[in-house]
There are 2 protein chains.
Amino acid sequence: MSETHQAQETYAQLRERAELLDAKDELAAKRGEFVLDDTVYLDGNSLGALPANVEARVADVITREWGKLRIRSWEESGWWTAPERIGDRLAPLLGAAPGQVVVADSTSVNVFKALVAAVRIARGDAPDPGPDPARDEIVVDATTFPTDGYIAASAARLTGCRLIPAVPADVPGVLGPRTAAVLLNHADYRSGRLHDLPGLTASVHAVGALVVWDLCHTAGALPIGLDEHGVDLAVGCTYKYLNGGPGSPAYLYVRKEHQPRFDSPLPGWNSHAEPFGMRAEYKPADDAVRGRVGTPDILSLLAFDAALNVWEGVSAAAVRAKSLALTDFFLECVAAYVPEGRVESITPAAHAERGSQIALRCPDAAGVMKRLIERGVVGDYRAPDVLRFGFTPLYVSFADAERAARVLADTLADTLEEAPEEAPEGL
Amino acid sequence: MSETHQAQETYAQLRERAELLDAKDELAAKRGEFVLDDTVYLDGNSLGALPANVEARVADVITREWGKLRIRSWEESGWWTAPERIGDRLAPLLGAAPGQVVVADSTSVNVFKALVAAVRIARGDAPDPGPDPARDEIVVDATTFPTDGYIAASAARLTGCRLIPAVPADVPGVLGPRTAAVLLNHADYRSGRLHDLPGLTASVHAVGALVVWDLCHTAGALPIGLDEHGVDLAVGCTYKYLNGGPGSPAYLYVRKEHQPRFDSPLPGWNSHAEPFGMRAEYKPADDAVRGRVGTPDILSLLAFDAALNVWEGVSAAAVRAKSLALTDFFLECVAAYVPEGRVESITPAAHAERGSQIALRCPDAAGVMKRLIERGVVGDYRAPDVLRFGFTPLYVSFADAERAARVLADTLADTLEEAPEEAPEGL
């Protein structure tokens, strides 16, 4: 059998497999709830695709709620309470009971609130920075998305803490009686590696510290179990697997039992017990509302609210099962189509260590991604040499995964001899 | 002449005056660029009316930029640079040259960035909180909008400063060699009193401290002159006189000469010199971009961008002239229609001390405002006894002002004997 013949047979087999997998996919109908085209969109780990119902909802917010009701909408259209109401809608996807999540501000700003508040809770009544407090260390994932590291450094500086960067595997080893708070990512934004949220949370608690989890790269792609695993605080964006739209507001989870001691470094009138009392003295609201600050960004917030409709009837377990099947199948197709050694997956093979993206390392990654995009396969590139492919189970099909691998193989074959080029980078 | 006859003559005269003033109003045509109805909308100092072009622009952002281009829009649709590009569009209304304003985050969050950064600049290289730094006092307007006070207290706590509240008139008296930064409101949100921005700025500079101005209640209603008056830092919302929509992102002005030393307590990847370098070390951008933090809220931001179109061909001087004429005329109508002593204006009569709202005190203000709204005159209420009427020169007419005063007089006459009721409160 010739090589070409063998390759054609492999193509045929994998395409047939993709068809079978798509036919059995219980989430397949969800694809129809998104605005998609013939592009293979594997960048939903950066910006989720547009849910079809968002446009009409936002038009109504603009023309009726803002245009006609104007100021009355803060009460009559429920704008004022939207951050906590939408937080409660999101909560099941995070494994959180109601009353613990607000949607507002950016992830960076929420990391700051959570980390400073965590340090204060860990220290009890000690003032910050305070004279030589017992707990004066913040541990941060050394491989973190950069913003988290910058914000952790700022929180440490302002609370008089020392910042200790450590890769997640080394975190248990650096914890001790001086640890106040630990900031970790549930999944690595580059490699797609999933970290052990229950185990690391338990390690942090064992030394009497608090943990803040950044869920940007997992919420909406797999079950989180915040309540179940005793997570103290968590943050995340809503524009990746949650499809809230570009720069849609982030969320902040404050565990029920910590709420009375959640002492925000960003206290605003929106987190006041009586916001319209307009009092000079700050008295925080009793519940998750104390995680709010300023006036919520209504257009973006209600776009995200509409985007949450696609989760109706979807279980986090079903999403996770499809996510793993998709990434397994993509890796299988890549192995079949791409000559050995041409790319290297830095995403763990073990399911327990894999999020919902596959990261492939190759020497001319920027140029390769540019050509992939030209050929209708949209992933993104992370310096210096990583191709990222995100798999959103609600709208990515097995046929997409097969086609992406095939186009990747063709692209790599065509560009073997060419020089690297700049490619657009995703978020 | 009977009392009724006299009253009818007064009505006729004032309505005729209103007609003449509207006929001569050079901004009159701007009203057609907003979505309005037969309501007299005097709450634009809380939530500006909807500019007619916003809906189509946001629909395009959703369907084309997000829906079709998806991740490519961060570059191709200019999303990534929108905060500084739109900041530059806003800058002329603030009296600022380009390259000093970014639009992002809430006012509260920007107050925090500005105030902590101001303290750091005033202290030079001293660490915060640092051992007994020379400058350890933050002065804050004691009559400020509550959020500013809460954030100032948090900034003081985190930088090891003492917080000194003072009413604006007393501010020069509390300044001294220990003053690091001063947070002031350009106009009082309750009374509508305009404070002396050039004079107070000079007083703060005389002791070597920095001033942060909150422009929420003035930008879009009168000339600000940030560059001209040497203001160090300024913040403000975009949803009042700037009509950006509910919770649209706020702005942050960092004077050119301070930018190299602007050391943000909220350093994010968006303010990095090389955001896609994804470096663990934070290196701030050279310019106003260092005022950014997290991913900008694109839908709300671009709605505001569209809302800025209504300023085409409008000078801040013309807006100010009409604003003063409107509030003068409203006060004149109130004096003519409302029995003496029934309401008391707490807004200064002197033009130099008046913003663009009139605040009337009356004992049953909550109930009165509820009835005004039922009768088509929308202002708002501030506890315990203030009726607020905001005059947005771009869409409020002199006929509106006359009608509002007349309906107020009728309402007060009808409700003389009734008990106070709860009224909706604006933002």
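**Exercise 1.** Which element gives the most residues to the lining of the second largest pocket?

*Solution.* The model is a predicted one.
Step 1. Begin with the space itself: the second largest pocket holds about 380 Å³.
Step 2. Consider its lining of 22 residues, where Asp141(A), Ala142(A), Thr143(A), Thr144(A) and Ala280(B) are the closest to the centre.
Step 3. List the elements of chain A that give two or more residues to this lining: strand E3 (137–141), helix H6 (146–159) and strand E4 (162–166).
Step 4. The element that gives the most is H6(A), with four residues.

**Exercise 2.** State how the lining of the second largest pocket divides by class.

**Exercise 3.** Describe the largest pocket and find the element that gives the most to its lining.

*Solution.* Step 1. The space in the largest pocket is about 460 Å³.
Step 1. Its lining consists of 30 residues, and those nearest the centre are Arg279(A), Ala280(A), Pro146(B), Gly149(B) and Tyr150(B).
Step 2. In chain B, at least two lining residues come from each of strand E3 (137–141), helix H6 (146–159) and strand E4 (162–166).
Step 3. H6(B) gives the most, namely six residues.

**Exercise 4.** How many residues in the lining of the largest pocket are nonpolar, polar and charged?

*Solution.* The lining of the largest pocket has 16 nonpolar residues, together with six polar and eight charged ones. Tyr counts as nonpolar and Gly as polar.

Conventions
Residues are numbered from 1 along each chain as its sequence is written. Chains are lettered from A and ligands numbered from 1 in the order in which they are written. This is a predicted model: local features need pLDDT of at least 70, side-chain atom pairs count only at pLDDT 80 or more; totals for chains, interfaces and linings use all residues. Side-chain values use heavy atoms; hydrogens and water are left out. On a 1 Å grid over the protein atoms alone, a cavity is a set of points where a 1.4 Å probe fits but cannot get out, and a pocket is an open set with protein on both sides within 12 Å along at least five of seven lines; lining residues have an atom within 4 Å of a point. Grid points are joined across faces, edges and corners, and a volume is the space filled by probe spheres set on the points.
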